[in-house]
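Please look over the sequence and the structure below.

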Protein chains: 2
Amino acid sequence: MREPLSLFPGDDVLGLMTDFYELTMVAGYWSTGHMPRATFEAFVRALPPNRQYLLTAGLEQAVHYLLNLQFTGRDIDWLRSLDEFRHVKPGFWNYLRAFRFDGDVWAVPEGTVIFGGEPLVRIAASLPVAQLVETYLLTTLNVQTLIATKAARICDAAEGRPVVDFGARRAHGPQAGLLAARASFIGGCVGTSNVHAARTLGIKPVGTQAHSWIMSYDDEFQAFQAYADVFPQNTICLIDTYDTMEGARTAARLGHVLKGVRLDSGDLVQLSHKVRCVLDEAGLNHVKIVGSSDLNEFTIREMLAAGARIDLFGVGTDMVTSKDQPALSVVYKLVEIEKDGAPRPVVKLSAGKATLGGAKQLFRFHDGSGRFCRDVLAKADETLEGGEALMVPVIHSGKLVAELPDLTAIRQRARQQIGSLPPHLREFRGLADYPVGLSDGLRRVQENPVQGVQYDI
Amino acid sequence: MREPLSLFPGDDVLGLMTDFYELTMVAGYWSTGHMPRATFEAFVRALPPNRQYLLTAGLEQAVHYLLNLQFTGRDIDWLRSLDEFRHVKPGFWNYLRAFRFDGDVWAVPEGTVIFGGEPLVRIAASLPVAQLVETYLLTTLNVQTLIATKAARICDAAEGRPVVDFGARRAHGPQAGLLAARASFIGGCVGTSNVHAARTLGIKPVGTQAHSWIMSYDDEFQAFQAYADVFPQNTICLIDTYDTMEGARTAARLGHVLKGVRLDSGDLVQLSHKVRCVLDEAGLNHVKIVGSSDLNEFTIREMLAAGARIDLFGVGTDMVTSKDQPALSVVYKLVEIEKDGAPRPVVKLSAGKATLGGAKQLFRFHDGSGRFCRDVLAKADETLEGGEALMVPVIHSGKLVAELPDLTAIRQRARQQIGSLPPHLREFRGLADYPVGLSDGLRRVQENPVQGVQYDI
């Protein structure tokens, strides 16, 4: 009988975790001896609808990939067996065996706010090396930036009330749940229901009981009491299994061992008021009300505006899938290539998909109170007075040169960044205006085409 | 300097890959000696908007989890260190050390069409065992069923033209890309750009070159020629980097080595016509036109209705994130529990979230031509004459009892199932009507409450 496949990728298959065209291009570059130094940048062309900013995340996993990328003998044997590679000269397999990421990486630190057109990462390496890493880098930056951004909006809506990741079951697989727990913590969450993520990332695990707990006992009080006996310091009762108000009164009978109640259905605004009254009348003012059930930044903001008495939000599906915008189009584009010994900017002219040539640095300018007021894209080697250079060196010649911040520091940075946004950028709908300009230096690069290179200004 | 974390879960951490409340409930059930045999079912309450059916996928990975689930010493040490478990008796850790899935599983085979309210999986085991597996089962079934369904729609729109998964970079992480490659193959795709998925799953890897390939050479013809030299049997040229029509003429200069051209931007309907003319005039009638660029079932159907001359579709973001419906709410509910030595049906009454009691079998009835005409939910032990019982035994007492079909057989089953749908269920928008009824036996279960158990009819 065949054993079922587990389908966990891992550190031992990093070489193959790429798109097939990256590998055919690498073989093509090698075969034609076309290996100039090249610079690529990852960026979103424009912010998605209803996003005023992105909160960057995922760099640490991208760095892990770059430092550990290699092809095993098994990978190479399998690639050699493919018909597509039949005409590739055997020397290529030695090249692939020795293949490592030996280039340079600059990046915007995790937990930084960025806008459309701004690079998250810049990679410089020999053309095949810089090319191959595209797919994995994009996957990693896309998903975590997507979810960190969504989580930041949700935490913003909660106005200081704690938000917890409840999304493991709705994330796009077990690893997606782990990545979502990391990204949502960066975005401001205080805990996760995902036990493996909690251990791996040092996040507080959160959760008490499901409806099945209540339903498996003869009556609700017996279920609550049984839980309180085992978890006297963590007694949060789910009260909506049969009737929420009756559930609230039943939970209140537990007395001071009760720490919280959870509402998971119905009109949370009205119910939270009525439940608060029941609890307060029973002298249980300390008991917190937890709200869950398909929450997001829109519903939380509405509920709080309507006066909901909820102390903690458990958010799942909408956050971990970034449901209203479930994909981010971070792209990875060649911006500079060595020719005749000198780096030359390059661009792509495809309809609606044009790119700005030249390796770039991103500068941010603050007003007197520390608020972000404008960004300027500049040449990588420029310095703009008064501007904060957001891209920092991370890897040099294949070696890590930056101290990786821990998750709490990244989360702290994110909170400070969100707090420095002009208030209109914290609206959830529409597209607010934030000025992103070009330095004179970068503009001149675009206006003075170098022979053999195409431009689109 | 700290090493970056890779964040790949794997077979060695299956025990912790669950929500925290599953573990507190398991500890609670054990602590109170409340371990009756319980039956849970996984189902969606209602189909998501614009979905007329779901195509099931992910069972094999769920089975892998159930057969391999355990807690390592490291897992247990970490759990014991948590404040929440301070009052749990030490014997619990021995229970957890010996914890295995020793229950029974019935499931609808992968590649089966199901509708709202119909169970995908039924699990019977002691209460804590059946409870703990909830999170992982849901994650696994949710993501693959979500994407297999989306892929089936996209392949349906392509009307027999091959569709290839190009989504690795936009999936929610590296494992999500792998799961999406599997699910989209089940849904009808013929290949994937994801190299690791191709090797792991035995799917054809597909891809040739990116815009960076073209841009890295001095001119487009040199880039095309270089590719053809290395891959003479696989020369598909990306022709939209500078100007699509000029690109088509340049590619045609390669002559008969050219196998295909790819359009990745602009108006694909118009461009495909003009490019077809250029190719045909050059005597290259054999050259295929590949279309990519934010495609989905809606755009493909529109393009083909408008007469697009596209032979193969590369689909990424919209398919691997199921972008218009990026989450599926498969839930896992207690439906039956042993009391006084007999199984008793149970239900949950929460507003809008009520469940139907009793362990169930799902029967499908076909019309004379083999088309699906109605489904009936019945008691697990019923037989309905003329109905096909869709839930089959998969695991008995913790042992695999079903032969797992290979991926090609699952894909074949899916194609046959989609082909058996009444035509109105293959519309992409709205919600078409498909009758799902209750057997008399199951109805009687709902109408005759057993003492101590709540009902909601």
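How many bridges join strand E18 of chain B to E19(B)? There are 2, and the two strands run antiparallel; DSSP must find at least two bridges between strands for them to pair. This is a predicted model, in which local features need pLDDT of at least 70, side-chain atom pairs count only at pLDDT 80 or more, and totals for chains, interfaces and linings use all residues. Residues are numbered from 1 along each chain as its sequence is written, and chains are lettered from A and ligands numbered from 1 in the order in which they are written.

Helices (H or I, at least four residues) and strands (E, at least two) are DSSP runs, numbered from the N terminus. E18 covers residues 392-396 of chain B. In E19(B), B:Lys399 is the bridge partner of B:His396. Both strands belong to an open, antiparallel sheet of 7 strands in chain B, ordered E14-E13-E1-E5-E3-E18-E19. Its edge strands, E14 (342-345) and E19 (399-400) of chain B, each pair on one side only.

In chain A, helix H6 (residues 134-157) packs against helix H7 (residues 174-186) at about 45°, with axes 7 Å apart. Axes are lines fitted to C-alpha atoms, for helices over the stretch in contact, and angles run from 0 to 180 degrees between N-to-C directions. H6(A) and H7(A) are therefore oblique to each other, the class left once angles under 35 degrees (roughly parallel), over 145 (roughly antiparallel) and 65 to 115 (roughly perpendicular) are set aside.
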